[in-house]
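User: Please take a close look at the aromatic pairing in this structure, and go through the packing that surrounds it in one connected account.

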Amino acid sequence: MQLCLNSLVLCPCYVGCMQHFDKRKIFWHSRRGMRELDLLFVPFVTEGFDALSDNEKALYEELLEEEDQDLYSWLLGTCTPDRTEYGLLISKVLENRRN
């Protein structure tokens with residue numbers, strides 16, 4: 001097991017290894033440079049990320065690797081992601097914005 005001194009959260013991931021979630025890094029990657037996405041992702045990572053399960057946290061990191069245009073379309077509901085797991089996570093991001 002590797003220890004990362006910058007990690008803020010240490011938790012097991014869905015593949016049976018130890019996953020480090022560096023919330024500062026995740027926050028930085030949540031800032032997309034596209035205002036519409038920033039208004040959804042930044043509040044979510046500061047207010048809702050900690051409530052996610054370990055699998056969802058890992059999935060959120062994967063979601064952030066997607067293209068901005070795809071993320072925007074998925075959040076608007078104009079198209080659906082190929083990965084069905086993203087749909088539930090996108091719902092949580094949108095729900096967080098409503099609260």
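Analyst: Y86 is buried, with a relative accessible area of 2%, where buried means under 20%, exposed means over 50% and partly exposed lies in between, using a 1.4 Å probe and protein chains only. This is a predicted model, in which local features need pLDDT of at least 70 and side-chain atom pairs count only at pLDDT 80 or more, whereas totals for chains, interfaces and linings use all residues. Residues are numbered from 1 along each chain as its sequence is written, and side-chain values use heavy atoms, with hydrogens and water left out.

Five aromatic pairs are found when the whole structure is searched; rings of Phe, Tyr and Trp (its six-membered ring) pair if their centres lie within 6.5 Å, and planes under 30 degrees apart count as stacked, over 60 as edge-to-face and the rest as tilted. F44 and Y60 have ring centres 5.4 Å apart and planes at 45°, so this pair is tilted. It links distant parts of the chain, since F44 belongs to helix α2 (residues 35-47) and Y60 to helix α3 (residues 54-63), 16 residues apart; helices (H or I, at least four residues) and strands (E, at least two) are DSSP runs numbered from the N terminus. Both partners are buried, F44 at a relative accessible area of 2% and Y60 at 0%.

Y86 itself pairs with W74, and this pair is also tilted, at 5.7 Å centre to centre and 40° between the planes. W74 lies in helix α4 (residues 68-76) and Y86 in helix α5 (residues 84-98), so the pair ties together parts that are 12 residues apart in sequence. W74 is buried too, with a relative accessible area of 11%. F44 and Y60 in turn belong to one aromatic cluster, formed with F21, F41 and F49.

The axes of α3 and α5 lie 10 Å apart and meet at an angle of about 95°, each axis being a line fitted to C-alpha atoms over the stretch in contact, with angles running from 0 to 180 degrees between N-to-C directions. That makes α3 roughly perpendicular to α5, on a scale where angles under 35 degrees count as roughly parallel, over 145 as roughly antiparallel, 65 to 115 as roughly perpendicular and the rest as oblique. On the α3 side the contact is made by E56, L59, Y60, E62 and L63, and on the α5 side by E85, Y86, L89, K92 and V93, contact meaning heavy atoms within 4.5 Å.

Y60 also takes part in the largest nonpolar core, which has 21 residues and in which I26, F41, F49, Y60, L63, L75 and V93 have the most contacts; such a core is a set of buried Ala, Val, Leu, Ile, Met, Phe, Trp, Tyr and Cys residues joined through side-chain atoms within 4.5 Å. Each of α2, α3, α4 and α5 supplies at least two residues of this core, and α2 gives the most, with five. Beyond its neighbours within four places in sequence, L75 is in contact with L37, L40, F41, I90, V93 and L94.

T80, in contrast, sits in the loop between α4 and α5 and is exposed at 65% relative accessibility.
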